[in-house]
Amino acid sequence: MTDERTPRDRRTAGRDFEVDLDDVLDEDGDEEDGLFDNLLSGEPIFENKEVLRPSYTPDELPHRTDQINNMATILVAALRGETPSNILIYGKTGTGKTASAKFVSQELQKTSQRYDVPSEVQYINCEVTDTQYRVLAQLANTFIEQNRDWIDRRTRELEELHEQAREDPSALLDTEFDDPPDLRERIDALEADRAEMDDVPMTGWPTDRVYNEFFDAVDYVERVAVIMLDEIDKLVEKSGDDTLYNLSRMNSELSNSRVSIIGISNDLKFTDFLDPRVKSSLGEEEIVFPPYDANQLRDILQHRSKVSFKPDVLSEDVIPLCAAFAAREHGDARRALDLLRTAGELAERDQEETVTEAHVRRAQDKIELDRVVEVVRTLPTQSKLVLYAIMVLEKNGVHNINTGEVYNIYKRLCEELDTDVLTQRRVTDLISELDMLGIVNAVVVSKGRYGRTKEISLSVPIEETEAVLRADSRIGDIDDITPFVQARFEN
Ligand code: ADP
Ligand code: MG
């Protein structure tokens with residue numbers, strides 16, 4: 001294959017992070033164009049890269065109008081001071097659940113300021129806040145903070161009123177206060193409340209105390225509180241459904257306020273693990289976010305690219321290709337945006353003026369590799385050992401690897417590390433899991449009268465896999481691996 005890259009490509013390839021000091025300093029050690037001058041000199045590709053990041057909430061969400069209207073129709077009850085039904089939102093990752101829910105809550109809060117009973121949304125990401133204690137403490141502290149602000153505003157108003165009333169008693173005519181001392185009493189009571197409002201510590205209390213604190217904080221003023229629990233499946237998986245049980249039965253005991261819950265889940269089946277009472281309460285309304293198809297992803301990218309890129313830097317096929325790749329990845333808009341951003345960054349690094357199809361393909365490889373590295377890095381130790389055994393065999397030129405061969409190497413690795421040895425049956429299961437994660441490829445082949453066997457091969461790049469596995473301190477301690485493979489032939 002001929003090298004079709006431009007000379008500048010070749011010059012910069014592979015040394016993205018290297019600095020040649022001669023480029024920066026001339027013979028007298030004076031500064032020439034510096035490292036950053038060079039990088040800045042090219043025409044910039046991005047107008048605003050932040051717009052392509054997952055944390056950015058777009059103000060327009062094409063192809064989610066139905067879901068957004070649906071949510072709004074349910075939540076409008078909050079603006080009337082009624083309790084909205086609880087909502088359960090389902091959909092695979094990258095289908096716009098978080099973005100849509102945040103969009104709707106921003107709108108709700110904007111409008112709510114004009115109404116008597118305030119309605120507000122508290123957002124919690126349960127992947128980060130993943131125990132009942134932490135969820136309740138975080139909620140309690142947010143409400144406590146709001147109550148303090150509310151008291152501050154209220155006492156300021158009442159102090160003013162008090163001032164007026166001392167000069168002109170008729171100032172109290174249309175109020176709930178009989179006379180200035182009555183008003184003073186109320187102000188003192190508020191200040192006493194405020195002095196008692198301490199934050200809940202993030203660890204250390206009994207959970208029911210945290211719950212009581214949260215309960216009192218919510219109920220301190222009249223309000224409709226929408227509690228949005230994103231990645232709710234992670235919370236249930238890690239800590240069970242106690243939190244949801246407690247939250248879903250609060251309303252019968254609250255006197256001033258009402259809560260409603262929006263649960264967002266990537267896992268369509270997570271309600272199977274819920275207590276039936278929680279399940280029916282939480283799932284009063286269900287909204288499904290289907291995967292995007294390639295055309296819809298194209299629209300989404302088109303919208304976002306207008307703000308994020310300089311005009312005319314994307315060649316024609318860039319957005320369709322990003323959309324096509326991401327459509328294959330279960331219609332994941334996050335992946336589509338990652339691809340577009342990464343392709344732009346690669347073009348920028350090459351100091352090119354346009355982003356091309358080739359950048360998108362490189363971006364796809366890079367993201368895929370990053371994913372593999374992350375999956376391998378977070379495997380449990382036993383799976384890492386199984387994968388390491390497969391890698392060692394491949395590295396030593398063994399093809400059509402079968403389960404028995406993997407098992408033999410695996411056993412020796414376990415002996416070397418002085419760790420428990422699983423049964424061959426368990427190891428076969430682990431190989432199937434690796435297959436499902438897309439890290440190895442295991443196909444069943446028929447051996448005629450000798451029955452059937454699995455043929456296993458790595459489906460990820462061998463060097464990177466080895467590097468990630470050896471970064472695990474225990475596996476990194478294994479010395480020479482070749483004798484294991486030779487030993488395999490002796491078995
Ligand atoms: P989920 O919560 O379903 O995993 P997100 O809401 O986080 O997905 O969406 C992933 C990314 O895709 C975010 O950057 C989001 O802004 C973007 N996105 C998703 N749907 C749309 C859409 N319809 N229009 C514009 N951007 C979208
Ligand atoms: Mg999300």
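Reader: What percentage of the 491 residues of the protein count as buried?

Author: This is a predicted model, in which local features need pLDDT of at least 70 and side-chain atom pairs count only at pLDDT 80 or more, while totals for chains, interfaces and linings use all residues. Residues are numbered from 1 along each chain as its sequence is written, and chains are lettered from A and ligands numbered from 1 in the order in which they are written. A residue is buried if 20 or more other C-beta atoms lie within 10 Å of its own, exposed if 12 or fewer, and partly exposed in between, with C-beta atoms placed from the backbone. Of the 491 residues, the buried ones make up 33%.

Reader: How many helices and strands does the secondary structure of the protein come to?

Author: Helices (H or I, at least four residues) and strands (E, at least two) are DSSP runs, numbered from the N terminus. The protein comes to 21 helices and seven strands.

Reader: Which residue in S3 stands opposite glutamate 120?

Author: S2 and strand S3 (residues 224–230) run parallel and are joined by seven bridges. Opposite glutamate 120, S3 has alanine 225.

Reader: Is strand S1 largely enclosed or left open, and why?

Author: On one side of S1, Ile87, Ile89 and Gly91 are buried, and on the other Leu88 and Tyr90 are buried, which leaves both faces covered. Five of the five residues of S1 (residues 87–91) are buried, so the rest of the structure leaves this strand largely enclosed.

Reader: Which residue in S5 stands opposite isoleucine 87?

Author: S1 pairs with S4 over four bridges in the parallel sense, and there leucine 88 stands opposite glycine 263. S1 also pairs with S5, again parallel, over five bridges. In S5, the residue opposite isoleucine 87 is glutamate 285.

Reader: Which elements do the buried residues of H9 pack against?

Author: Helix H9 (residues 232–239) has Ile232, Asp233, Lys234, Leu235 and Val236 as its buried residues. Just after this helix, glycine 240 takes a positive phi of about 75°. The buried residues of H9 pack against helix H6 (132–167), S3, helix H10 (242–248) and strand S4 (258–265), where two residues are in contact if their C-beta atoms, placed from the backbone, lie within 7 Å.

Reader: Which of the 18 residues around ligand 1 come nearest?

Author: A residue is near a molecule or strand if its C-beta atom, placed from the backbone, lies within 6 Å of it. Of the 18 residues around ligand 1, those that come nearest are Gly96, Lys97, Thr98, Ala99 and Ala333.

Reader: Which elements give two or more residues to the shell around ligand 1?

Author: Domain 1 (65–289) and domain 2 (292–378) each supply at least three residues of this shell, with domain bounds that come from an automatic or database domain assignment. The elements that give two or more residues are helix H5 (97–112) and helix H14 (333–349).

Reader: Is aspartate 312 buried or exposed?

Author: Aspartate 312 lies in the loop between helix H12 (294–308) and helix H13 (318–328). Around this residue there are 8 other C-beta atoms within 10 Å, so aspartate 312 is exposed.

Conventions: Pairing = 2+ DSSP bridges.
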